[in-house]
Amino acid sequence: MLRLITDFDGPIMDVSERYYQVYLLCLQKTKYPSQVIHKLTKEEFWQFKRSHTAEKQIAFKSGLDAEQAQEFAKIRKETVHTEPYFDYDVMVPGALEALVKVKEAGIDLVVMTMRRVRELNYAFDKFNLDKFFPKDRRYCLSNDYIKTRDIEDKPLLMAKAIKELPPATEIWMVGDTEADITAAKKHGVKMIGVESGIRDRTQLELYEPDFILEDLKAAVNFINRF
């Protein structure tokens with residue numbers, strides 16, 4: 001049995017608009033009344049995110065001072081994973097087609113994400129994704145899980161999945177971050193980094209995935225060749 005484990009945000013969901021709207025909110029809440037700031041365009045902002053620029057650095061590039069940058073980062077952390085803003089998420093072009101192709105090919109499909117249960121369910125309900133991922137093929141964080149860092153938490157999810165899922169002759173992971181790559185490599189899973197998410201090719205290359213492809217659709221087509 002061939003198994004494909006995919007991250008959710010990045011390969012399936014495009015979160016760029018959510019992150020940008022939260023950025024705009026943070027600017028609005030932290031700037032002084034008469035302060036002249038440099039509001040980044042969405043393209044500029046997302047380029048900084050994809051190159052792994054720290055939140056405070058993004059604040060500085062927007063014209064905020066050190067005290068404001070600290071508040072900026074705090075508000076961002078408290079807001080970016082809240083339900084009103086999840087409504088800005090959209091599916092990555094071609095992702096739905098890729099999921100259909102995986103199912104038609106009889107590949108065992110698993111989602112593995114740093115979203116909490118309620119956050120994942122929100123997207124599943126909105127985009128009708130339940131049919132692709134039965135409940136025993138969903139690996140995410142509990143609603144009360146205390147996060148540390150994704151690069152530490154995600155390998156724990158991978159260990160849980162490998163322990164609980166039935167044996168597979170071949171396992172592939174598709175993801176867009178260093179956490180995905182670390183989780184896959186730690187557990188001997190073949191890893192495809194995709195450029196449709198929050199890290200650019202340069203950042204992905206630092207963690208040495210087996211392959212780097214454009215998106216989930218390209219990854220599925222690649223896997224289907226074997």
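I take buried as under 20% relative accessible area, exposed as over 50%, and partly exposed as in between. The model I am reading is predicted.

**Entry 1: Asp136 and Arg137**

I began with Asp136. Its relative accessibility is 49%, so Asp136 counts as partly exposed. Arg137 comes out at 12%, so Arg137 counts as buried. I found a salt bridge between the two, with the closest N and O atoms 3.2 Å apart. I then followed the shared partners. Salt bridges join Arg3, Asp108, Asp136 and Arg137 into one network.

**Entry 2: Asp108 and Arg137**

Next I looked up the link from Asp108 to Arg137. Their closest N and O atoms are 2.9 Å apart, and the pair is a salt bridge. What does this pair tie together? Asp108 sits in strand 4, and Arg137 sits in the loop between helix 7 and strand 5, so the bridge ties parts that are 29 residues apart in sequence. I checked burial too: Asp108 and Arg137 are both buried.

**Entry 3: Lys126 and Asp87**

I searched the whole structure for salt bridges and got 22. One of them pairs Lys126 with Asp87, the closest N and O atoms being 2.9 Å apart. Lys126 belongs to helix 7, while Asp87 is in the loop between helix 5 and strand 3 (90-91), so this bridge ties together parts 39 residues apart in sequence.

**Entry 4: helix 7**

I stayed with helix 7, residues 117-127, and listed its buried residues: Glu119, Leu120, Ala123 and Phe124. Why are they on the same side of the helix? They cover an arc of only 135° around the axis, which puts them on the same side of helix 7. Past the end of helix 7 comes Asn128, and I noted its positive phi, near 55°.

**Entry 5: helix 11**

I repeated the exercise on helix 11, residues 216-223. Its buried residues are Leu216, Ala219, Val220, Phe222 and Ile223. They span an arc of only 160° around the axis, which places them on the same side of helix 11. Which elements do they pack against? I found two groups. The strands are strand 1 (2-6), strand 6 (170-175), strand 7 (190-194) and strand 8 (211-213). The helix is helix 6 (95-104).

**Entry 6: Asp215**

Last, I went to the start of helix 11. There a side-chain oxygen of Asp215 comes within 3.3 Å of the backbone nitrogen of Lys217. Asp215 itself lies in the loop between strand 8 and helix 11. I looked for a salt bridge at this residue and found none, although Asp215 is buried. The nearest side chain of opposite charge is that of Lys217, 7.0 Å away. The cut-off I apply for a salt bridge is 4 Å, from a side-chain nitrogen of Lys or Arg to a carboxyl oxygen of Asp or Glu. What does Asp215 touch, leaving out residues up to four places away in sequence? I get Pro93, Val194 and Ser196.

Notes:
Residues numbered from 1 in each chain as written. Predicted model: local features only at pLDDT ≥ 70, side-chain atom pairs only at ≥ 80, totals over all residues. Heavy atoms only, no water. Buried < 20%, exposed > 50% of the residue type's maximum accessible area, 1.4 Å probe, protein only. Helix = DSSP H or I, 4+ residues; strand = E, 2+ residues; numbered from the N terminus. Arc of directions from axis to C-beta. Contact = heavy atoms within 4.5 Å. Polar contact = N/O pair within 3.5 Å; in protein donor to acceptor, adjacent residues only side chain to side chain. Lys, Arg positive; Asp, Glu negative; His and termini not counted.
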